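Student: Hi! I've got a model open here and would like to talk it through with you. Can we start with one side chain and then zoom out?

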Amino acid sequence: MQKFKVENTAQAYLELLARLGVKYFFGNAGTDFAPLIDAFAKRAVEEKKFPQPITVPHESCAVGMAHGYYMVTGEPQVVMVHTTVGTANALGGLINAARSRIPLILTAGRTPITEQGFIGSRDNFIHWAQESFDQGTIVREFVKWDYELRNFAQLESAVRRAFTLAMTDPKGPVYLTLPREVLAEAHDEIVLDENPIVPAAPAHPNPDAIEQAAAWLAGAESPVIIARAAGADPDAVAALVALAESFAVPVVEYSQPEYVNFPADHPLHQGYDPAPFLSAADVIVVVECDVPWFASAQNLKPDARAIHIGVDPLHARYPVWGFPAHLAIAARPATACRQLAAAMTKLRPQNENKISARFERLRVEHERRRKDWRDEALAKGSAPAITLEWVSYCLNELHDDVLMVNEYDLKLPYYEKRRPGNYFSVPVAGSLGWGLGAALGAKLAAREKNVVAVVGDGAYIFNNPSACHMVSAMYDLPILVVVCNNGGWNAPRAATRAVHPKGWAARTENFPLTRFTVDARHEQLVEAYGGYGEAVTQPKELPAALARAFKIVRDEKRQAVLNVVCASPGAPF
């Protein structure tokens with residue numbers, strides 16, 4: 001135990017965060033922050049480096065930064081927002097963190113409880129209207145735990161519980177509210193435990209389930225592996241490779257893989273669409289993937305067996321989830337895949353001919369598919385307008401050392417330079433406005449990396465770009481932002497075509513609520529914050545423009561935005 005001299009709860013709280021290893025405190029301040037602002041000022045005088053306050057002008061950027069920082073480091077950080085209204089602004093990012101199992105420590109001020117008589121009692125007209133009967137209800141659907149700090153005596157136990165639960169599998173966000181009177185309460189010292197946070201040990205694969213899965217896979221004629229988020233743990237990639245190689249099992253990354261799950265240049269990598277495999281598959285191994293196919297569009301063989309592997313293989317927090325699960329193995333993918341590969345290797349000798357033949361067939365198909373993609377991308381480079389395929393191919397040619405943050409528009413068949421820990425995609429919950437904040441958090445975590453964020457024009461607007469560019473300038477976090485500008489939102493337009501293929505919108509090519517009717521100069525906003533902006537309209541101009549912008553970010557250490565004007569959705573090229 002260690003004693004620290006403090007003057008109030010706020011100072012004790014920051015000392016506790018420092019003891020727990022928190023490096024950054026992402027804050028969007030309000031009147032509830034007063035004791036913490038004063039406590040940070042005291043720490044500055046004392047030359048205490050951590051936790052470092054990071055001023056973030058919008059809550060979505062703050063949550064995105066904490067998300068991105070964790071993805072790179074595996075270290076949870078703290079975000080604090082202003083009471084109910086700040087919590088509301090942070091909610092989209094919180095939903096992303098929940099569905100992506102990011103251990104976000106979201107804290108919020110709590111409107112002063114008392115009207116008079118205490119340090120920190122209400123002294124502003126907003127302190128009545130901002131209060132809710134139960135502030136935690138705003139987020140309770142999407143957090144693992146929420147609590148309001150009641151007094152100084154429970155400070156350490158409450159904060160430690162927040163971190164412990166957030167980091168216990170399945171990981172996820174927690175929410176702690178901090179009343180202003182409690183933070184301002186006077187104290188002389190705090191005695192802190194020196195032990196680190198110790199989350200619960202992860203689930204271990206059931207040995208009988210591993211043996212059963214190995215037997216099914218070994219006997220399969222047409223197995224397939226589908227993975228989406230296994231690569232959240234980079235160690236899982238090698239384990240998945242070992243599993244696939246043990247019996248030459250094709251691997252499909254689907255849908256919208258959130259991380260690198262399998263090397264794109266490996267012969268067993270079979271692209272991003274499981275449909276060609278599922279109709280014939282007799283054994284389907286689903287690794288950290290919540291939606292392995294669409295039941296409305298995909299028929300499986302009646303005798304097909306589905307094996308789900310993940311820390312929560314049945315996705316207990318999803319209200320509706322009806323995929324068949326003949327075997328569910330609750331474990332981290334790295335552990336389960338490693339053990340399953342070892343069990344499969346023992347069964348290999350009597351199956352060598354089948355394995356060799358399948359591997360060769362998949363290798364040929366893998367090479368054919370990659371050639372087709374390359375030829376298609378090069379053809380798009382000669383099209384009348386820039387396409388997303390061409391953008392992705394050009395980014396693939398850009399540089400070997402890029403940490404890529406993809407908010408929807410990067411097309412993975414044409415972007416192969418993905419290594420474990422160097423590629424992150426939009427969370428499956430799909431709350432747009434994540435990419436720029438995540439890229440800034442990633443840059444903060446790995447300043448030596450060259451960070452690129454790819455967003456659509458609609459997503460760029462959702463990102464509150466003014467706030468993000470300000471953070472980039474304030475904290476010397478230069479990133480390259482590529483805005484794929486097709487003049488609107490493609491997702492609702494595509495959904496309308498799918499639901500009503502012969503409807504009025506499709507027949508008249510009129511999709512209300514999906515198109516922007518101004519020629520937005522997105523590249524100009526970054527210039528207000530000392531950055532470089534450029535618009536690109538022709539396919540042949542794109543490689544040189546990317547090279548210019550990348551050089552400015554890498555060599556001049558300035559942020560840059562490329563406004564890449566792309567073909568409108570539905571264009572014939």
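Predicted model: local features only at pLDDT ≥ 70, side-chain atom pairs only at ≥ 80, totals over all residues.

Student: Where does Glu59 lie?

Tutor: Glu59 is in helix H3, which covers residues 59–73.

Student: And is Glu59 buried or exposed?

Tutor: Glu59 is buried, and yet no salt bridge is found for this residue. The nearest side chain of opposite charge belongs to Arg180, 16 Å away. A salt bridge would need a side-chain nitrogen of Lys or Arg within 4 Å of a carboxyl oxygen.

Student: What else does Glu59 touch?

Tutor: Leaving out residues up to four places away in sequence, Glu59 touches Asn28, Val81, Gly86, Asn89 and Ala90. Asn89 is also the partner in that 3.0 Å polar contact.

Student: Okay, zooming out. How many helices and strands are there?

Tutor: The chain has 19 helices and 19 strands.

Student: Why would the radius of gyration agree with a compact globule?

Tutor: Because a compact globule of 573 residues would have a radius of gyration near 25 Å, and the chain has 25 Å. Its C-alpha atoms fill a box of roughly 80 × 60 × 50 Å along the principal axes.

Student: What percentage of the residues is buried?

Tutor: Buried residues make up 56% of the 573. As for the surface, the chain exposes about 23800 Å², with 55% of that supplied by carbon and sulfur atoms.

Methods:
Residues numbered from 1 in each chain as written. Heavy atoms only, no water. Helix = DSSP H or I, 4+ residues; strand = E, 2+ residues; numbered from the N terminus. Buried < 20%, exposed > 50% of the residue type's maximum accessible area, 1.4 Å probe, protein only. Lys, Arg positive; Asp, Glu negative; His and termini not counted. Polar contact = N/O pair within 3.5 Å; in protein donor to acceptor, adjacent residues only side chain to side chain. Contact = heavy atoms within 4.5 Å. Rg over C-alpha atoms; globule rule 2.2 N^0.38 Å. Areas by Shrake-Rupley, 256 points an atom, 1.4 Å probe, with all protein chains shown as cover.
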